[in-house]
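Visitor: Could you show me the chain, and then take my questions one at a time?

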Amino acid sequence: MTRKGMDEMKLTVNGEEHDHQGDGSIDALLEELGAKKEHTALMLNGTVIPSEDWNATTLKENDEIEMLVFVGGG
């Protein structure tokens, strides 16, 4: 389903195809995926993107995202 005024965008997330339906920011993608941002590191097309830049970074069709979510425990 496509949100009104927004198009789907095909991305590759951790090697799997994903249809992003948000506003095209990394923040929107992480929310869509249900990732805990405070425990996540992210690379966009091979470049590490600092968390302070996630809201301002615009994703494009066919971008490749590698996402690492750190979990604690013992």
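This is a predicted model: local features need pLDDT of at least 70, side-chain atom pairs count only at pLDDT 80 or more; totals for chains, interfaces and linings use all residues.

Visitor: Which residues of helix H1 are buried?

Guide: Buried means under 20% relative accessible area, exposed over 50%, and partly exposed in between, with a 1.4 Å probe and protein chains only. The buried residues of H1 pack against strands S1 (9-13), S2 (16-20), S3 (40-44) and S5 (64-69). Within H1, which covers residues 26-33, the buried ones are Ile26, Asp27, Ala28, Leu29 and Leu30.

Visitor: Which residues make up the covered face of S1?

Guide: In a regular strand the side chains alternate between the two faces of the sheet. In S1, Lys10 and Thr12 lie on the uncovered face, while the covered face is formed by Met9, Leu11 and Val13.

Visitor: How many bridges join S1 to S2?

Guide: Two strands pair if DSSP finds at least two bridges between them. S1 and S2 form a hairpin with two residues between them, and Asn14 in the turn has a positive phi of about 50 degrees. Lys10 stands opposite Asp19 in S2. These strands run antiparallel, and the number of bridges joining them is five.

Visitor: Which residue in S5 stands opposite Val13?

Guide: S1 also pairs with S5, in the parallel sense and over two bridges. In S5, the residue opposite Val13 is Ile65.

Visitor: With which residues is Ala41 in contact, leaving aside its neighbours within four places in sequence?

Guide: Ala41 has its place in strand S3 and is partly exposed, with a relative accessible area of 29%. Contact means heavy atoms within 4.5 Å. With the neighbours within four places in sequence left aside, the contacts of Ala41 are Glu66, Met67, Leu68 and Phe70.

Visitor: What share of the residues of the protein chain counts as buried?

Guide: Along its principal axes, the C-alpha trace of the protein chain spans about 45 × 25 × 20 Å. Of the 74 residues of the protein chain, the share that counts as buried is 32%.

Technical notes. Residues are numbered from 1 along each chain as its sequence is written. Side-chain values use heavy atoms; hydrogens and water are left out. Helices (H or I, at least four residues) and strands (E, at least two) are DSSP runs, numbered from the N terminus.
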